[in-house]
Amino acid sequence: MKCTSAEAAKILRQLNEDYSALLGMESKSMDFIAALNEDVESVRPKYDYEETQKKLAGLENKIRTVKHAINVFNTTHIIPEFNMTIDQMLIYLPQLSQRKDKLYMMKNRLPKTREKSSYSGSNIIDYRIVNYDIEAAEADYNEAAELLSKAQTALDLINTTETMEIDI
């Protein structure tokens, strides 16, 4: 089956939901409580051990297959604008985001701010003074924000247009 990375992610999510649901059903029906005077067969939940294990194993195999296909896709497909594989981009995006967040804080600082005195009853006034160029931090922030946006868009484009083959 041919699909995009985005479609494969949806398939994987559905397989994981199916797997969790089956585990939940198994957990609810693999044993049960019956009162001493109760007819055990009338309260026995429907549960087929062998069939359930086969279904779980089949879902596990499909999950492995889809995850492997996504991993291979991510390690072999290059995002041309960045000359990075998708898996490298998946590392780069959080790095860019963290840089952007740090620069946002730095660009919004005042050059000099009064600090609360740590000396009780003292007339000493402490100031926190930035030790960098705030305008340079703002320019770097704008550059990081633009680069992050471009990187996310480039990744989204690959994930929604390039296809992979998955045999499930």
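A polar contact is a pair of N or O atoms within 3.5 Å; within protein, one must be able to donate a hydrogen and the other to accept it, and residues adjacent in sequence count only if both atoms are side-chain atoms. This is a predicted model, where local features need pLDDT of at least 70, side-chain atom pairs count only at pLDDT 80 or more, and totals for chains, interfaces and linings use all residues. Residues are numbered from 1 along each chain as its sequence is written, and side-chain values use heavy atoms, with hydrogens and water left out.

Select D48. A side-chain oxygen of D48 lies 3.2 Å from the backbone nitrogen of E50, capping the N-terminal end of α3. Helices (H or I, at least four residues) and strands (E, at least two) are DSSP runs, numbered from the N terminus.

Now select residues 49–76, helix α3. Its 28 residues reach 41 Å from first C-alpha to last, close to the 40 Å expected at 1.5 Å a residue (1.5 Å times one less than the number of residues). Colour its buried residues, among them L56, I63 and F73 (buried: under 20% relative accessible area; exposed: over 50%; partly exposed: in between; 1.4 Å probe, protein chains only). Their cover includes α1, α4 and α5.

Next, salt bridges (a side-chain nitrogen of Lys or Arg within 4 Å of a carboxyl oxygen of Asp or Glu). The whole structure has four.

- R44 and E41: closest N and O atoms 2.7 Å apart. E41 is exposed at 52%.
- D140 and R99: 4.0 Å between the closest N and O atoms. This pair joins α5 to α4, 41 residues apart.
- E146 and K150: 3.2 Å, N to O. They sit four residues apart in α5, so about one helical turn separates them.

Methods. Contact = heavy atoms within 4.5 Å.
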